[in-house]
Amino acid sequence: MVVPEHLVSNLFYGALLGSVYGVATMGLSLIFGVLRIVNVGHGAFIMLGAFTAFWMFTLYSVIPILSIPIALIFGLALGFVIFYSTIKRLIDAPELSTLLATFAIGIFIEEVAKFVWGSDYVGFSWNIGTLYLGPITVPYTKLLAFVCSAAIAGLLYIWFTRTKLGTAIRAVVEDREGAMVCGINVGRIYSVSFAIGIGLTVLSGVLVTLFVPVGINVYMGPDYTLKGFVIAVLGGLGSPWGAFIAGFLFGLFENGSYTILGMIPGVEPFALTRFVAFVFLLIILLLKPTGLLGGE
Amino acid sequence: MLLLVGLLVLSIAIAGCAQEEKKPEATPTPKPEKTAPQETPEKKPEVETLYFGAPISLTGKYSKEGQMSLWGMQVAAKWINEVHGGIKVGNKIYRVEIKYYDDESNKEKISGIIERLAVQDGVKFMLAPYSSGLTLAAAPVAEKYGVLMNSHGGASDYIFEQGYYYVVQTLSPASKYQTGFLEMIKNIDPDAKRVAMIYEDTEFSRSVFRAAKEYAEANGFEVVFDKTYPKGVQDLSPILNELKATNPDIIIGGGHFADGQLLTSQLAELKINVKAISILVAPALPKYYDALGTKAEGICAPAQWEVGVTYGPEAAKKLGMDYYGPTQDEFLKLFKEVSGSDEKPSYHAAEGAAAVLSYAYAIEKAQSLEPEKVREAMNNIEFMSLYGVWKIDPETGKQIGHDMVIIQWQGGTKKIIWPEAAANSDPYYPIPTWEEKEQGKLAKH
């Protein structure tokens with residue numbers, strides 16, 4: 001019977017994909033947690049990361065793994081620029097203003113990117129072999145994407161819990177005024193968190209190319225934005241660590257449910273996998289309205 | 001001397017009056033804008049500007065295709081105006097100009113743009129937007145205002161099953177996209193029977209593969225796998241896992257650009273080896289090979305047109321029909337001038353050009369600018385342009401004259417391998433395995 005074999009391999013692929021989803025959502029969650037701003041232009045930053053990996057590889061033969069720190073630095077710088085040019089003025093503005101602003105930033109980035117890079121679908125081929133493990137056939141690049149995602153999530157967790165700045169950020173997430181009273185420079189925390197959020201998102205674009213090195217396009221973002229929102233809500237908005245776990249679960253469900261749905265005759269399983277993933281979201285939110293790791 | 005001056009003044013005054021009197025004669029047709037009202041006593045034909053209207057995707061997800069199609073249209077207009085000497089209707093000559101607005105690849109924008117073109121700009125001949133989805137949004141509006149609409153980027157058969165009278169098609173309909181490939185396989189390897197179909201869940205792909213399945217079953221193939229994947233997918237592993245188990249001889253699939261690249265990349269990752277693969281849309285673009293490298297070797301794709309096809313005055317003569325429009329060399333030269341870049345025209349450009357040419361040809365045949373008369377004339381015309389044959393089904397407006405060509409990546413270049421008449425290389429069959437390609441083997445004769 002091939003069904004158990006399929007299930008095993010699909011869950012495996014789902015776990016790999018889910019880890020990338022997770023890192024791709026952490027930035028969104030962090031920015032919301034600290035600044036209470038929903039970054040609607042989230043996907044555009046993932047696109048920038050994907051292009052960073054693409055150009056580094058094509059122009060300078062830099063392997064995508066080494067593009068990760070480059071993308072992070074690029075993202076941090078971009079985050080500071082956007083924060084001081086736009087976001088700073090909008091911190092206590094009505095929600096609609098911040099939504100419009102981030103939406104506009106997203107479109108601006110996409111169109112500038114299109115102007116500079118064109119609208120072709122590009123990609124690269126970085127071949128480092130394939131792992132054959134029973135029913136599983138998987139290229140090492142995907143495994144690498146998983147390892148890097150898990151490592152980044154872990155490092156971020158340590159940074160949040162063990163460092164002074166990380167603790168300060170958590171304090172602001174929990175209680176802005178309280179943190180201020182304790183002498184935390186909230187303005188600085190805002191800029192740092194926003195920059196880290198954008199840095200993480202651009203970096204996740206590199207991980208996306210490790211997973212799928214083709215189909216890189218200036219308009220690739222919106223698909224990730226949508227999934228990012230779902231995953232962020234699932235993980236408990238404002239909890240980056242929750243976002244990572246939720247992303248992981250989302251990937252598992254998306255791919256895992258394929259096998260089960262495929263056994264129902266007359267059903268197009270792939271069309272339903274997202275449905276199942278969203279039902280899963282609904283159930284979690286029914287049971288725990290604040291998301292998996294969200295506070296009270 | 002005084003008399004002479006007086007005579008001169010008098011003659012000028014008379015001439016002025018004569019011109020003034022003639023003015024009303026020159027404006028019986030209010031719609032096409034007048035640019036040069038040169039009514040001279042020798043009855044030189046009047047030159048007016050005729051606008052063809054178009055919603056063009058200059059931004060958004062179809063911006064690439066939109067830009068290409070616009071350049072194609074402008075090339076055709078340039079040829080009509082400068083080489084052909086304009087469209088001749090009766091005693092008048094019309095210069096063609098493309099009046100376009102950016103539709104942002106957005107369905108919601110389309111009806112407003114068509115309405116604006118039809119009502120405010122008074123355009124009677126529309127070039128449909130790019131893609132089946134946008135064309136479907138545009139068609140009812142064009143029909144409502146009784147303006148002709150020519151689809152150059154909307155292949156879906158569904159558009160032409162709605163009973164629209166004013167909507168006609170220039171490109172081959174979706175139902176013809178994958179049948180040529182199956183016909184080719186049947187010819188070169190009658191033993192390859194097991195077909196797997198894996199495609200994007202969109203209107204366009206569904207109509208392609210519905211027709212492909214019918215064709216396959218009628219021609220002795222066995223369809224062992226037939227499943228779709230959703231738009232914007234990031235991982236095809238689960239569906240490919242299932243496909244692998246069915247052990248097919250050939251795979252046909254795809255949808256648009258991103259998923260076509262993804263499909264190839266993941267077929268390689270999962271080492272799913274078959275004798276031949278044909279993927280929609282994506283492989284027909286040069287960036288496909290850039291993105292995938294040797295993984296792209298041997299992959300086939302149906303194409304509406306390709307630089308290097310053998311359509312020309314000679315081929316038209318053989319078929320006993322007119323050749324209208326620039327030759328391929330002229331087209332490439334004009335395209336360079338219009339686009340101002342060294343980029344080669346894609347098939348979208350040829351489609352756009354052919355749509356404009358078909359209007360010009362039909363208007364000359366009808367000797368009228370009335371959409372209804374031109375539509376009627378279209379029922380009986382059959383001509384060849386650089387894009388191939390143009391002939392529609394009188395009832396539905398669907399394109400029935402044009403043939404798809406099949407391309408295959410061979411040694412890093414795109415070769416036309418089918419139909420034999422248009423081919424510039426033999427099919428490479430069976431294609432190298434993924435493992436062989438990793439070792440650097442090319443699908444080269």
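In this predicted model, the crossing of helices α1(A) and α8(A) is left-handed. Helix α1 covers residues 3–35 of chain A and helix α8 covers residues 186–211 of chain A, and their axes come within 8 Å of one another while crossing at roughly 165°. Because of that angle, α1(A) is described as roughly antiparallel to α8(A). Sorted by class, the residues of the contact of α1(A) with α8(A) comprise 19 nonpolar and 5 polar residues, with no charged residue among them.

A second pair of helices in chain A is formed by α2 (residues 42–60) and α9 (residues 221–235), whose axes come within 7 Å and cross at roughly 125°. The angle therefore makes α2(A) oblique to α9(A), and the crossing in which α2(A) passes α9(A) is right-handed. From α2(A), the residues that take part are His42(A), Gly43(A), Ala44(A), Ile46(A) and Met47(A), and they meet Gly221(A), Pro222(A), Asp223(A), Tyr224(A), Thr225(A) and Gly228(A) of α9(A). The contact of α2(A) with α9(A) has 5 nonpolar, 5 polar and 1 charged residues.

| Helix pair | Axes come within | Crossing angle |
|---|---|---|
| α1(A) and α8(A) | 8 Å | roughly 165° |
| α2(A) and α9(A) | 7 Å | roughly 125° |

Of the 445 residues in chain B, 51% are buried. When contacts in chain B between residues at least 6 apart in sequence are considered, 68% of them join residues that are at least 24 apart.

The chain is divided into two domains, each made of two stretches of sequence: domain 1 of chain B takes in 46–172 + 308–390, and domain 2 of chain B takes in 176–303 + 404–438. The C-alpha centres of these two domains of chain B are 30 Å apart. Where the domains touch, 12 residues of domain 1 of chain B are in contact with 12 residues of domain 2 of chain B. On the domain 1 side of this contact in chain B, there are 4 nonpolar, 7 polar and 1 charged residues.

The two chains also meet one another, in a contact that takes 33 residues from chain B and 33 residues from chain A. On the side of chain B that touches chain A, the elements giving two or more residues are α2 (63–83), β9 (222–229), α7 (237–245), α8 (257–269) and α9 (286–292) of chain B. That side of chain B is made up of 11 nonpolar, 10 polar and 12 charged residues.

Most residues other than glycine have a negative phi, and most peptide bonds are trans. Asn247(B), however, has a positive phi near 55° although this residue is not glycine, and its place is in the loop between α7 and β10 (250–254) of chain B. Asn247(B) counts as exposed because 12 C-beta neighbours lie inside 10 Å. Lys271(B) likewise has a positive phi, near 50°, in a residue other than glycine, and it is located in the loop between α8 and β11 (276–280) of chain B. With 15 other C-beta atoms within 10 Å, Lys271(B) is partly exposed.

Which helix holds Arg116(B)? Arg116(B) belongs to helix α3 (residues 107–120) of chain B, and it counts as partly exposed because it has 15 C-beta neighbours inside 10 Å. Arg116(B) and Glu337(B) are 221 residues apart along the chain, and their C-alpha atoms are separated by 30 Å.

How values were computed
Residues numbered from 1 in each chain as written. Chains lettered and ligands numbered in written order. Predicted model: local features only at pLDDT ≥ 70, side-chain atom pairs only at ≥ 80, totals over all residues. Domains from an automatic or database assignment. Contact = placed C-beta atoms within 7 Å. Nonpolar A, V, L, I, M, F, W, Y, C, P; charged D, E, K, R; others polar. Axes fitted to C-alpha atoms, helices over the stretch in contact; angles between N-to-C directions. Helix = DSSP H or I, 4+ residues; strand = E, 2+ residues; numbered from the N terminus. Parallel < 35°, antiparallel > 145°, perpendicular 65-115°, else oblique. Left-handed = near helix turned anticlockwise from the far one by under 90°. Buried ≥ 20, exposed ≤ 12 C-beta atoms within 10 Å, placed from the backbone.
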